[in-house]
Amino acid sequence: MDDTHLRALIGERHPVMSPASLRRAEDYLTEQFTHLGLEVSTHSFKALGGTYRNVIATLPPFQASASPLPPLIIAAHYDTVEGSPGADDNASGLAVILEVARNLRAVPTTRSVRFIAFCLEEENLLGSLAYVSSLRATNEEICGAIVLECVGYARTEEGSQQQPSIPIAVPTVGDFLGVVGNVISAPLVTAVEAAANLAVPELKTISLLVPGNGELLPDTRRSDHAAFWHHGYPAVMLTDTANFRNPHYHEPTDTLETLNLAFMEKVARAVTAAAMALCSTTQATVIRRGKSVWKEAALAVPHLATLVASLMADKRVPAKAKATLTGVAAYLAMPFDLIPDFIPVLGYLDDLMLVIVVFDGVLNQIDEAIVAEYWKGDPAMLQRLKAMSRRAARFIPRWIKRKLFGPPL
């Protein structure tokens, strides 16, 4: 990743100690978003005895619609704590969203994407709380929010990662990206992580779902995603875990030289892939109307049959997986079903069970890059099917999956 944006943004950006630098960061972000051809506006709010602004850049959908879909929000904050130049916290997040905005300009999205640079995150989330409360006041729906909070620090040494105060174990090497959501954001977490894993398999991810709004796990609430949780909107935080990895967090040493630009580039590619997946269909369908998703899965069966046939001919696919895929391909090619398709709902049940079992087996036994190579349908649909199969396959006995595909890799 180019360090141009980082060099322009890094420096103390505090509302009291360095208000001029804070304003320069706002102007720079406005200028860069405008240069990318996005529609730029500001959301003003009163705080700390003055007026501050969130910078909002909108990438409109490819085609205008009389009933526009709820927008996707991708956000990061542009203020810092006193005394810190804020390279990782949070110039890294800003540089990534600028890169994602550049990447998405040529993508024919079906919903708008709002890139938001929040102000006063370090002052108890004042900027994001003001913005999200304005959304709630008008009952505006959103597809979800992806909030980037410290995404530039990564290490490969053993012991470089500390254990946060969360109920899951994390690796002891600080080279992964954390994906944090609450329960209502579970489908969004799944979609973001699935897209990241598919598009950037070399980027390790660790996901966490917290109960409620994370009140029992305060370390999971330390960014602007918590403002969305507070008002009942789905949101995820992407993070390098901040002080649990980065010794320069909130320190004068949080400088450009400490950042891992290769790691940031992977994060930018992952967020781009997630945005493409989330903006290629009605996200409300994915998150709120599961029945429509299963209908979509049934419509994907022809693509699944093509995928299965291609995988059977690939020498990289394990023999036991091929044997099961052969049986599945034969069934899908038969002129009759166990349950005829003209029977509403039930007519698709046998095919959908195959979708679940096969995709779950494919995920566990066949390299994702091979699957993506042969998939002829919408890439976003592939990601959604993978996410659904992970969840649905939990209800299929393990011995059945082991019998069909062998032990997981």
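Reply: The buried residues of α2 pack against α1 (4-9), β1 (39-47), β2 (50-59), α3 (87-104) and β4 (113-118), where a contact means heavy atoms within 4.5 Å. One caution: this is a predicted model, where local features need pLDDT of at least 70 and side-chain atom pairs count only at pLDDT 80 or more, while totals for chains, interfaces and linings use all residues. Residues are numbered from 1 along each chain as its sequence is written, and side-chain values use heavy atoms, with hydrogens and water left out.

Me: What makes α2 a helix, and how does its reach compare with the 24 Å expected?
Reply: Helices here are DSSP runs (H or I, at least four residues), strands are runs of E with at least two, and both are numbered from the N terminus. α2 covers residues 19-35, which is 17 residues. The expected span is 1.5 Å times one less than the number of residues. From its first C-alpha to its last, α2 reaches 24 Å, close to the 24 Å expected.

Me: Which residues of α2 are buried?
Reply: Leu 22, Ala 25, Glu 26, Tyr 28, Leu 29, Gln 32 and Phe 33 are. Buried means under 20% relative accessible area, exposed means over 50%, and partly exposed is in between (1.4 Å probe, protein chains only).

Me: Why can you say that the buried residues line one face of α2?
Reply: Look down the axis of α2: its buried residues fall within an arc of 160°, so they line one face. The arc is taken from the directions from the helix axis to the C-beta atoms. On the other side of α2 you'll find Arg 24, Glu 31 and His 35, which are exposed. As a general rule, an α-helix has 3.6 residues a turn, so residues three or four places apart point the same way.

Me: Why is Cys 150 called buried?
Reply: Cys 150 has 0% relative accessibility, so it counts as buried. Cys 150 sits in the loop between β5 (144-149) and β6 (176-182), and its phi is near 60°, a positive value in a residue other than glycine.

Me: His 250 also has a positive phi. Is His 250 buried or partly exposed?
Reply: Partly exposed, because its relative accessibility is 28%. The phi of His 250 is about 60° although it is not a glycine, and the residue lies in the loop between β8 (235-239) and α7.

Me: What about Pro 211: what makes it partly exposed?
Reply: Its relative accessible area is 45%, so Pro 211 goes into the partly exposed class. You'll find Pro 211 in the loop between β7 (204-210) and α6 (225-230). Leaving out residues up to four places away in sequence, Pro 211 touches Val 183 and Leu 217.

Me: Why are Phe 33 and Phe 115 called stacked?
Reply: Rings of Phe, Tyr and Trp (its six-membered ring) pair if their centres lie within 6.5 Å; planes under 30 degrees apart count as stacked, over 60 as edge-to-face and the rest as tilted. Phe 33 and Phe 115 are 6.2 Å centre to centre with 25° between the planes, which makes them a stacked pair. Phe 33 lies in helix α2 and Phe 115 in strand β4, so the pair ties together parts 82 residues apart in sequence. Both Phe 33 and Phe 115 are buried.

Me: And what makes Phe 118 and Tyr 131 tilted?
Reply: Their planes are 55° apart, with 5.9 Å centre to centre, and that pair is tilted. Phe 118 is in strand β4 and Tyr 131 is in helix α4 (residues 126-137). Phe 118 is buried at 0% relative accessible area, and Tyr 131 is buried at 4%. Together with Phe 228, Phe 118 and Tyr 131 form one aromatic cluster.

Me: Last one: what makes a nonpolar core?
Reply: It's a set of buried Ala, Val, Leu, Ile, Met, Phe, Trp, Tyr and Cys residues joined through side-chain atoms within 4.5 Å. The largest one here has 65 residues, and Phe 33, Ile 74, Tyr 78, Phe 115, Leu 148 and Leu 238 touch the most other members. Helix α7 (residues 261-278) gives the largest share of this core, 11 residues.
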